[in-house]
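Hi,

Here is the structure I promised to pass on. Have a look at it first, and then read on for what turned up when I went through it.

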Amino acid sequence: MKKMLVATVALVFFFGSHTLFAQLKVQTGVFNADKNISNYMLAAGGDMERTQQISVTFPKPFTKTPDIQLSVTRLDEDRGSNTRYDVKVTNAHKAGFMVEVKTWGGSKIHLIGGTYMAIGE
């Protein structure tokens with residue numbers, strides 16, 4: 001009886017988790033911002049906070065808004081100033097999201113780029 005209960009629980013767990021994980025989808029890609037974007041302000045310098053929005057569209061839309069992770073992999077900054085930046089996801093939805101890059105305090109960012117990983121249904 002005990003072995004049958006353990007076997008039943010194991011089967012329910014196996015098939016239940018298999019179904020759960022089978023529905024998850026992962027998409028990856030890149031984002032970049034530099035002076036070729038109109039109104040690029042990150043290289044302007046000055047003490048004021050400057051923000052750049054980068055639009056990302058998924059190759060294939062998700063059925064629900066996915067969880068998104070960002071990683072900065074490219075950075076070209078001015079060597080005459082401190083490097084200050086913040087990168088985050090904003091306006092996430094099923095078909096894409098915005099990457100918001102901020103800098104301040106005299107930092108000059110000539111180029112910033114990275115990768116994303118989106119996990120969802």
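Which residues have the most contacts inside the largest nonpolar core? They are Phe 58, Phe 97, Val 99 and Tyr 116, in a core of 16 residues. Before you get attached to any of them, do keep in mind that this is a predicted model.

Strands β1, β2, β5 and β6 each supply at least two of its residues. The largest share comes from β6, with four residues. As a general point, nonpolar side chains in soluble globular proteins tend to be buried together.

Leaving aside neighbours within four places in sequence, its contacts include Gln 27, Thr 28, Gly 29 and Val 30, then Val 56, Thr 57, Phe 58 and Pro 59. Ile 68, Gln 69, Leu 70 and Phe 97 are also on the list for Tyr 116.

Now the overall layout. The protein has one helix and six strands, and along the sequence they follow the pattern α-β-β-β-β-β-β. Of its 121 residues, 27% count as buried. The accessible surface comes to about 8,100 Å², and 57% of that belongs to carbon and sulfur atoms. If you take the contacts between residues at least 6 apart in sequence, 76% of them join residues at least 24 apart.

Ten bridges hold the antiparallel pairing of β3 with β6 (residues 109-120); for instance, Glu 77 has Ile 109 in β6 as its bridge partner.

Val 30 and Tyr 116 are 86 residues apart along the chain, yet their C-alpha atoms are separated by 6.0 Å. Apart from its neighbours within four places in sequence, Val 30 is in contact with Gly 114, Thr 115 and Tyr 116. Is Val 30 buried or exposed? Val 30 counts as exposed, because its relative accessibility is 57% and the cut-off for exposed is over 50%.

The other is also an open sheet of three strands, this time in the order β2-β5-β4 and again with antiparallel pairing. Here β2 and β4 are at the edges with a single partner strand each, so one side of each is left without a neighbour in the sheet. The twist in this sheet averages 20 degrees from one strand to the next. β4 and β5 run antiparallel and are joined by six bridges. In that pairing, Val 89 has Val 99 in β5 as its bridge partner, and Val 99 is also one of the residues with the most contacts inside the core.

Where is Ser 107? Ser 107 sits in the loop between β5 (96-103) and β6. Ser 107 is buried, because its relative accessible area is 1% and anything under 20% counts as buried. Its side chain reaches the backbone nitrogen of Arg 84 at 2.9 Å. Beyond neighbours within four places in sequence, Ser 107 is in contact with Leu 42, Gly 45, Arg 50, Ser 81, Asn 82, Thr 83 and Arg 84.

Most residues other than glycine have a negative phi. Asn 39, not a glycine, has a positive phi of about 60 degrees. Asn 39 is in the loop between β1 and β2 (50-57), and at 66% relative accessibility Asn 39 counts as exposed. Asn 91 is not a glycine either, and its phi is positive at about 50 degrees. Asn 91 is found in strand β4 (residues 86-93), and with a relative accessibility of 57% Asn 91 also counts as exposed.

Cheers

Methods. Residues are numbered from 1 along each chain as its sequence is written. This is a predicted model: local features need pLDDT of at least 70, side-chain atom pairs count only at pLDDT 80 or more; totals for chains, interfaces and linings use all residues. Side-chain values use heavy atoms; hydrogens and water are left out. Two strands pair if DSSP finds at least two bridges between them. Buried means under 20% relative accessible area, exposed over 50%, partly exposed in between (1.4 Å probe, protein chains only). A polar contact is a pair of N or O atoms within 3.5 Å; within protein, one must be able to donate a hydrogen and the other to accept it, and residues adjacent in sequence count only if both atoms are side-chain atoms. Contact means heavy atoms within 4.5 Å. Accessible areas come from the Shrake-Rupley method with a 1.4 Å probe; for residues, only the protein chains shown count as cover. Axes are lines fitted to C-alpha atoms, for helices over the stretch in contact, and angles run from 0 to 180 degrees between N-to-C directions. A nonpolar core is a set of buried Ala, Val, Leu, Ile, Met, Phe, Trp, Tyr and Cys residues joined through side-chain atoms within 4.5 Å.
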